[in-house]
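User: I would like to learn how to read a sheet and a helix from a model of this kind. Could we start with the strands and then turn to a helix?

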Amino acid sequence: MDLLRFITAGSVDDGKSTLIGRLLYDSKSIMIDHLEALEKQSKHKEDGEIDLALLTDGLRAEREQGITIDVAYKYFATPKRKFIIADAPGHIQYTRNMVTGASNADLAIILVDARNGVVEQTRRHSIIASLLNIPHIVVAINKMDLVDHSQDVYNNIVIDYAEVAKKLNLKEVKFIPISALNGDNIVEKSVQFPWYDGPSLLELLETVTLEQDIDLTRARFPVQYVIRPQTDALHDYRGYAGKINSGIYKKGDAVTVLPAGIVSKIVAIEVNGKEVEEAFAPQSVVLHLEDDIDISRGDVIVKTDAAPQVSNELEVLLCWMDQKPLLSGNKYLLQINSKQVRSVIKEIDYQLDVNSLEKIPHPENIGLNAIVKATIKTASPVVFDPYQELRSNGGAILIDETSHVTVGACMIQ
Amino acid sequence: MSVYRLDYLDQLESEAIHIMREVAGQFERPALLFSGGKDSITLVHLALKAFRPGKFPFPLVHIDTGHNFPEALDFRDALAERIGEKLIVRQVADTIQKRQLTEPKGKFASRNALQTYTLLDTIEEFGFDACIGGARRDEEKARAKERIFSVRDEFGQWNPKLQRPELWNTYNGRINKGENVRVFPISNWTELDIWNYIKRENIDLPSIYFAHERTVLEYENQLIALSEFIQVEETDVVVTKKVRYRTVGDMTCTAAVESDASTINDIIREITATKTSERGETRIDDKVSEAAMEDRKKNGYF
């Protein structure tokens with residue numbers, strides 16, 4: 001069985017939580033006791049019906065305010081696939097939380113209110129999906145019941161969104177008319193849309209092809225930990241433990257250890273304590289090299305035939321995630337996979353208006369949730385690939401060295 | 001499915017191993033909190049995969065409330081011995097005495113809340129900077145919001161409004177002195193995933209997870225094991241039934257479920273068909289309020 005991670009972005013008004021509630025409810029993934037708790041809470045509301053939106057709001061503050069603040073993870077499975085939902089807030093003041101949820105998603109569901117069409121928020125969510133390079137986009141045109149299930153309304157939104165997708169270079173976009181409230185086209189195909197011949201949302205989620213999402217050509221293995229038992233029996237055992245982020249490693253492969261650039265050969269690969277001939281992303285493995293070289297946490301073992309970039313100057317798109325403003329000249333720790341290096345913000349080129357995609361040159365005040373293009377200089381060379389080409393080796397976080405808080409997310413260009 | 005595509009259980013396994021190795025790489029004094037339940041037994045199994053043939057870079061730590069099922073304690077000791085790893089046990093009873101805490105009273109007086117004191121004392125005693133735990137996000141809605149690396153202040157408190165962004169598979173384990181990080185490698189596993197994994201990997205479990213005869217007290221539709229830790233009154237209905245445990249916590253706050261499931265396959269069949277959640281069916285301590293778990297976590301509970 002396969003695993004699909006997807007993100008739903010939107011505010012309660014878009015019917016996002018209702019949509020998730022509906023997916024869980026109609027796929028019979030909600031347990032009776034959770035439903036009972038829901039009924040109890042729903043009674044506090046006026047309409048008397050079960051409020052499926054309450055299912056996803058996990059924190060007291062969220063229930064009180066009727067909004068989603070932080071990402072909640074929800075799980076369900078059908079006989080075809082297991083699903084992990086990152087349920088993220090849609091308001092602009094929680095952009096960083098959406099970015100967090102989007103970073104691991106294979107697919108994004110962008111909710112559009114059929115009455116309003118493509119609006120500022122649709123653009124913002126699409127920009128984030130594009131920045132974070134989410135491979136699959138599903139535009140769910142919701143509240144179709146409120147526009148008489150009109151094909152014209154649907155078609156116009158599809159045409160409008162196609163413009164956005166083109167501008168953002170979104171790779172794979174699918175459209176689907178739904179009514180989350182009534183369950184139309186969520187799990188079962190609805191009779192309300194005789195003019196729509198695509199799958200229901202769940203069918204779509206079950207059948208999206210994921211095989212191409214992991215790059216199997218550019219092999220990247222960041223070393224996390226060195227296993228050295230140093231016992232009598234295993235005196236010379238020295239295994240490099242880590243997770244293959246992309247690519248395939250075979251016994252006998254020529255490899256280069258970066259950033260040092262030392263060349264060696266794989267003599268053994270262990271998966272779960274057993275020797276194997278080959279291993280591939282995203283397996284956690286132990287690699288053994290022919291030569292006795294100094295390798296430690298943070299080094300990257302790559303296949304010599306497809307090398308990444310190594311540089312101490314990075315051009316990045318940066319999502320700022322801290323209350324304190326981002327200032328040129330500030331120093332942070334930059335972490336990419338298992339590597340941490342000191343870094344300094346050398347230059348801030350422009351700020352990206354997340355609603356219009358407009359570039360604002362030399363921005364003055366870069367606050368929480370701002371997205372900017374910046375140049376970062378690091379104290380030692382960093383091994384990376386451009387984020388848009390290889391997601392698993394192009395994303396880095398910035399850490400405030402004094403508070404230790406994660407303050408930024410960088411997509412390396 | 002192509003040759004180079006991992007099954008979902010392999011994906012979850014690899015993610016968990018990666019997280020454990022991040023702990024080993026980032027912290028000086030980590031610990032694995034071991035309760036004797038299936039989730040922490042699964043963690044031990046994953047740690048074996050992450051670090052063998054080396055030793056674990058952390059000890060197993062058990063906070064013993066004194067109200068545990070004897071079967072779980074025997075299992076714990078046997079497991080630690082079999083894998084040859086260090087086990088540290090600290091008793092809630094000792095903390096009660098040392099810190100002059102008040103024992104909870106009542107019919108099912110539970111030391112569940114007092115565990116937090118012993119845990120925090122133990123963290124301080126050994127200077128642990130990271131504690132690996134077996135919590136899963138599908139268990140409860142406050143947990144659904146928690147990060148994989150969850151920073152706690154020196155009082156062990158979780159602040160849900162100040163969680164660090166956690167992107168990709170990049171975990172920031174840097175902390176201030178006195179703080180510690182709770183790490184949850186199986187955050188993304190569901191109850192059914194755990195059982196399917198236990199089956200696939202042939203992992204041993206304490207016997208109480210399987211159907212057995214037990215004398216229980218029927219109380220508000222829940223079956224509580226008869227033990228010296230609960231008060232039985234004359235009006236109570238005490239029966240002997242075939243039961244199993246879906247979760248293993250304290251004898252005072254874990255309910256049994258009626259079951260004939262004597263093998264893993266039977267259990268998986270039952271869980272697939274069940275309509276009630278794990279905690280809803282078996283945890284007496286969660287029912288107090290809508291935000292019971294959120295409140296306990298804020299106060300340093302695991």
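Analyst: Two strands count as paired if DSSP finds at least two bridges between them. The model shown here is predicted. In strand 6 of chain B, Val183(B) is the bridge partner of Phe149(B), and strand 5 and strand 6 (residues 180–183) of chain B pair over four bridges in the antiparallel sense.

User: In what order do the six strands of chain B lie in the open sheet?

Analyst: Strands of a sheet pair through backbone hydrogen bonds, either parallel or antiparallel. Here the order in chain B is 3-2-1-4-6-5, with mixed pairing; strand 3 (87–91) and strand 5 (149–152) of chain B are the edge strands, each pairing on one side only. From one strand to the next, the twist averages 30°. Helix 1 (residues 8–26) of chain B packs on the sheet, where it touches strand 1 (30–33), strand 4 (130–132) and strand 6 of chain B, and its direction makes about 155° with that of strand 4 of chain B.

User: Which residues of helix 5 of chain B are buried, and where do they fall when seen down the helix axis?

Analyst: An α-helix has 3.6 residues a turn, so residues three or four places apart point the same way. In helix 5 of chain B the buried residues are Gln115(B), Thr116(B), Thr118(B), Leu119(B), Thr122(B) and Ile123(B). Seen down the axis of helix 5 of chain B, these buried residues fall within an arc of 165°, so they line one face of the helix. They pack against strand 2 (60–64), strand 3, helix 4 (92–98), strand 4 and strand 6 of chain B.

User: What follows helix 5 of chain B?

Analyst: Helix 5 of chain B is followed by Gly127(B), which has a positive phi, near 65°.

Technical notes. Residues numbered from 1 in each chain as written. Chains lettered and ligands numbered in written order. Predicted model: local features only at pLDDT ≥ 70, side-chain atom pairs only at ≥ 80, totals over all residues. Helix = DSSP H or I, 4+ residues; strand = E, 2+ residues; numbered from the N terminus. Axes fitted to C-alpha atoms, helices over the stretch in contact; angles between N-to-C directions. Contact = placed C-beta atoms within 7 Å. Buried ≥ 20, exposed ≤ 12 C-beta atoms within 10 Å, placed from the backbone. Arc of directions from axis to C-beta.
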